[in-house]
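Please keep the structure in view while going through the points.

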Amino acid sequence: MSQKSELRVTPGGIAYQLTRKKVKNYNLHLDKTGVPQVSAPPRAAAAAIDQFVDDHARWLEKACKSAAVRAAREAQPLPDKAQALAAFTAMSDQVFPAFEKALGGEKPVIKVRDMTSRWGVCHLTKKQLTFALRLYQMPPAAQIYVVVHEYCHFLVPNHSPEFWAQVAQILPDWKARRDLLREK
């Protein structure tokens with residue numbers, strides 16, 4: 001079955017790319033350029049699809065804003081790796097005493113690399129924490145949150161309620177700090 005694609009504008013003024021193909025439900029997402037994309041069954045009424053897009057206008061507005069922020073962040077030049085490593089090592093040294101017993105008195109190895117989908121990674125078996133280079137561009141409160149978050153994985157290796165309780169024990173305001181990562 002060939003797919004038919006057309007550019008449409010809803011009565012609410014939202015322009016989107018409609019692709020008709022063999023799907024059961026309407027599917028809405030943004031492409032890499034920020035254009036809303038809708039896939040819909042071949043026989044779906046255009047007015048119903050337009051209404052679906054208009055009904056999701058708030059979601060689209062929020063998703064477009066997030067995509068623009070993400071694109072702007074990714075367009076910024078990466079910070080100096082040595083400088084970021086020194087900063088994360090200093091933060092790690094501040095946080096380490098709370099985890100010293102769990103780590104047998106041995107500080108984890110701190111690394112920094114360019115990561116696009118994560119702020120940090122904890123390698124339990126290697127006793128290693130790796131932080132995203134772009135994290136260095138975030139507010140200090142958000143940076144400390146990520147450091148504590150990754151350290152807490154040495155205590156609880158998943159994101160269970162027990163894990164979040166550990167994070168809250170060290171950073172009672174962890175949710176506000178995490179939100180800083182989503183705003184920038």
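Predicted model: local features only at pLDDT ≥ 70, side-chain atom pairs only at ≥ 80, totals over all residues.

1. Burial of strand β4. Strand β4 covers residues 36-40 and is mostly covered, with five of its five residues buried. P36, V38 and A40 point one way from the strand, whereas Q37 and S39 point the other way.

2. Pairing with β2. Strand β2 (residues 15-20) runs parallel to β4, and four bridges join the two. Within this pairing, Q17 has Q37 of β4 as its bridge partner.

3. Pairing with β3. Strand β3 (residues 27-30) pairs with β4 in the antiparallel sense, over four bridges. Here V38 of β4 stands opposite L28. The hairpin formed by β3 and β4 has five residues between the strands, and G34 takes a positive phi near 90°.

4. Helix α4. Which residues does helix α4 span, and how far does it reach from its first C-alpha to its last? Helix α4 comprises 13 residues, 140-152, and reaches 18 Å, close to the 18 Å expected at 1.5 Å a residue.

5. Eleven of the 13 residues of α4 are buried, so the helix is largely enclosed by the rest of the structure. Among the buried residues are I144, Y145 and V146, as well as Q143, H149 and E150.

Technical notes:
Residues numbered from 1 in each chain as written. Heavy atoms only, no water. Buried < 20%, exposed > 50% of the residue type's maximum accessible area, 1.4 Å probe, protein only. Pairing = 2+ DSSP bridges. Expected span 1.5 Å × (residues − 1).
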